[in-house]
Amino acid sequence: MTALRLVPDPARHAVLSRRIRLLAAATISYNVIEAIVALWAGGVADSSALIGFGLDSVIEVASAVALSWQFSAKDPERREHLTLRIIAISFFALAAFVAFDSVTSLAGGGEAQHSTPGIVIAAFSLAIMPVLSWLQRRAGREFGSRTAVADSKQTLLCTYLSAVLLLGLVLNSTLGWWWADAGAALVIAVIAVREGINAWQGDACCAVPRPLDAAEPDGDGDCCGGCAPPAAPSLPTEPDLHHNQESSPHP
């Protein structure tokens, strides 16, 4: 049988739209705080990793603002293409900032100081961002919004950066491994470029309306596993009237 495309009813559609706006607002609020703390702590400790993390938070805010702008319209789908472009550019900018910061750190060999505020904000982000990403992805997939799913991947990338930052700060403080976070951040930059290309091409990964009880695909947070593009609903086969007219005897 041909799979039917499940579309939320108007009431559920409105609930999901409001939820996506609230999640975008929560992302903006937290990332503003994260950016302020990270940039301040990075300046005090002379930590390029913390400064890069703060700049990443600024880019996260830009992506969430674009999503909020899209869903402030009565018909969010009409703004989806432009919003995907903005999110893709945010990914590319994030990759450029992280890569530049990492290469600069590795080339200069500057030794950052211990930063307790940096470790605290990285730990908080590592705990909060996965939850926000999961909620965004869940709402975006049920709504059928490629931009909401793409923004959830932006938030998930911030989770990876938080883990890299936390590991780097701890290793730098305990073992003096100043190069640890810079090397791992280069891997994150490559991932950001890949996700930016996907968002630019409109491949937001299973962004089709799904029921709440639909099983989540197995994987490491990637929503693409086991999904196929939505197919149009099959229609009942109608008699071929033209053929019948030709084959039937004329009076």
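Reader: How many aromatic pairs does a search of the whole structure find?

Author: The search finds one. This is a predicted model, in which local features need pLDDT of at least 70, side-chain atom pairs count only at pLDDT 80 or more, and totals for chains, interfaces and linings use all residues. Residues are numbered from 1 along each chain as its sequence is written, and side-chain values use heavy atoms, without hydrogens and water.

Reader: What makes F71 and F143 a pair, and is it stacked, tilted or edge-to-face?

Author: Rings of Phe, Tyr and Trp (its six-membered ring) pair if their centres lie within 6.5 Å; planes under 30 degrees apart are stacked, over 60 edge-to-face, the rest tilted. The centres of F71 and F143 are 5.2 Å apart and the planes are at 65°, so the pair is edge-to-face. F71 is in helix α2 and F143 in helix α4, 72 residues apart; helices are DSSP runs (H or I, at least four residues), numbered from the N terminus.

Reader: Why does Q70 count as buried?

Author: Buried means under 20% relative accessible area, exposed over 50%, partly exposed in between (1.4 Å probe, protein chains only). Q70 has 1% relative accessibility, so Q70 counts as buried. F71 and F143 are buried too.

Reader: What makes a polar contact with the side chain of Q70?

Author: The side chain of T147 does, at 2.5 Å. The limit for a pair of N or O atoms is 3.5 Å; within protein, one must be able to donate a hydrogen and the other to accept it, and residues adjacent in sequence count only if both atoms are side-chain atoms.

Reader: How do you know that the span of α4 agrees with its number of residues?

Author: The expected span is 1.5 Å times one less than the number of residues. For the 28 residues of α4 (residues 116–143) that gives 40 Å, and the end C-alpha atoms are 40 Å apart, so the two agree.

Reader: Where in α4 does a kink lie?

Author: A kink of about 25° lies at I128, shortly before P130. The bend is the angle between axes fitted to the seven residues ending at a residue and the seven starting there. After α4 comes G144, with a positive phi near 90°.

Reader: What is in the largest nonpolar core?

Author: A nonpolar core is a set of buried Ala, Val, Leu, Ile, Met, Phe, Trp, Tyr and Cys residues joined through side-chain atoms within 4.5 Å. The largest has 32 residues, with L94 and L165 making the most contacts inside it. Helix α5 gives the largest share, eight residues.

Technical notes: Helix = DSSP H or I, 4+ residues; strand = E, 2+ residues; numbered from the N terminus.
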